[in-house]
Amino acid sequence: MSPSLFEGTTAEDETALCQQLDPALKLERFRTHRNGYISERDFAYLAGLGIEAVRIPVPYFVFGDVGPFVGCIEYVDAAFEWAAEYGLKVMLDLHTVPGSQNGFDNGGLCGVCRWHRDPEGVAFVLDLLERLTLRYRSHQAFWAIEIVNEPISPELWVALDIPSRYPAANPEDAVGSEGVPSDFLRQFYRDAYRRIRAADPAVTIVFHDGFRLAEWGSFFADEGFENYLLDTHLYLMVHTWTAGDTDVDGYLRYIDTDFRPALAAAAQHSPLIVGEWCMNTAAGAIVTADRATRRDYYRRLTEAQLDAWSVTQGWFYWSYKLQVRGAGLDGWDLGKAVSLGYFPAGWLTPTSDS
């Protein structure tokens, strides 16, 4: 998302980056990146689009107490102040955990998924969730906290062949890695709910489906959970991975036959959000099309997805901003997609009186 942060290294994730950079250079590089990537202007812009809430991913080293990482809590504090200034609400999203919960590059540790096998790491995360809740529970912008982002299912770990897709920088770190078992995830969700609810009786607690939306059924209601949301992440590129490039009608059928029924079934049991989605399909053919063709393509896909999301409580677009050039990535960048007119009329259109 920000290639300049990784310049001069071979790192593919933040763990390797922080291990490779000289300590002094590391501090300066992260300071430069964080001071320039997101600012108050971004919050003003989002409010002008009619956005109501932002989902802010934070790492497990956010408080600066885990080496070799660079903490960032002061930037989270600033984001809360900017959100309040422009009338936005904040969902905190714990995006990484020690030992990783998915092996993705965005999980901070490629090819490794061992967190659930480490009782100390699990206890650390529970403490961290409580600490974050206590820090922001009185802030007017604090709306929700997501317990952990995308704990990968054992089935998806195998299907995506994570060790090959995201090779570990140190193969020894990946020994014993596997998808997060459902039994573990259910118990962790119980424990996290109790810890957070004890710290703040009012905050909305968000549970990611762990790429197993159909498994949850009435679990949360049966547990007596209150003021919660079940989060699912839906991406059109998954269809491309399994079926190859299709025309726009093929993706529209996928929305109708996959996204819609899955959401409708889950909504019978739990209030839902689509916590990540975008208009990108990862289809090669659309990249070389002219701008008008791309605009029509993305508008049709976006309109269909937004209609499918209507059974949920709302959605968050991933991502807000990329510092990467290339038409093939337009659909990942909300600001660029808005500027190019990829959203259907009436959705996320800047207005002079916003």
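Student: What makes both faces of β4 covered?

Tutor: On one side T204, V206 and H208 are buried, and on the other I205 and F207 are buried too. Buried means under 20% relative accessible area, exposed means over 50%, and partly exposed is in between (1.4 Å probe, protein chains only). In total, 5 of the 5 residues of β4 pass as buried.

Student: What am I looking at here?

Tutor: It's a predicted model, where local features need pLDDT of at least 70 and side-chain atom pairs count only at pLDDT 80 or more, while totals for chains, interfaces and linings use all residues. Residues are numbered from 1 along each chain as its sequence is written, and side-chain values use heavy atoms, leaving out hydrogens and water.

Student: How do you know that β4 and β5 pair?

Tutor: Two strands pair if DSSP finds at least two bridges between them, and β4 and β5 have 4, in the parallel sense. H208 faces D231 of β5 there. Strands themselves are DSSP E runs of at least two residues, helices are H or I runs of at least four, and numbering goes from the N terminus.

Student: What happens between β3 and β4?

Tutor: β3 (142–146) and β4 (204–208) are parallel as well, with 3 bridges. A144 has T204 as its bridge partner, and I145 sits opposite I205.

Student: Which strands are called the edge strands?

Tutor: Start with the open sheet: 6 strands in the order β1-β2-β3-β4-β5-β6, with parallel pairing. β1 and β6 (272–276) each pair on one side only, and that makes them the edges. From one strand to the next, the twist averages 30°.

Student: Why is the β-α-β unit of β1, α4 and β2 called right-handed?

Tutor: A crossover is right-handed if, with the strands pointing away from the viewer, the path from the first strand over the helix to the second runs clockwise. The unit of β1, α4 (73–85) and β2 is assigned that hand. Its strands, β1 (53–58) and β2 (89–94), pair in the parallel sense over 6 bridges, and R55 stands opposite M91. α4 lies across β1, β2 and β3, at about 155° to β2. Axes are lines fitted to C-alpha atoms, for helices over the stretch in contact, and angles between N-to-C directions run from 0 to 180 degrees.

Student: How do you know that the span of helix α11 agrees with what it should be?

Tutor: The expected span is 1.5 Å times one less than the number of residues. With 19 residues (248–266), α11 should span 27 Å, and its end C-alpha atoms are 26 Å apart, so the two agree. There's a bend of about 30° at I255, taken as the angle between axes fitted to the seven residues ending there and the seven starting there.

Student: What do the buried residues of α11 pack against?

Tutor: Their partners are β5 (228–233), α10 (237–243), β6 and α12 (291–308). Among those buried are Y251, L252, Y254, I255 and F259.

Note on methods
Contact means heavy atoms within 4.5 Å.
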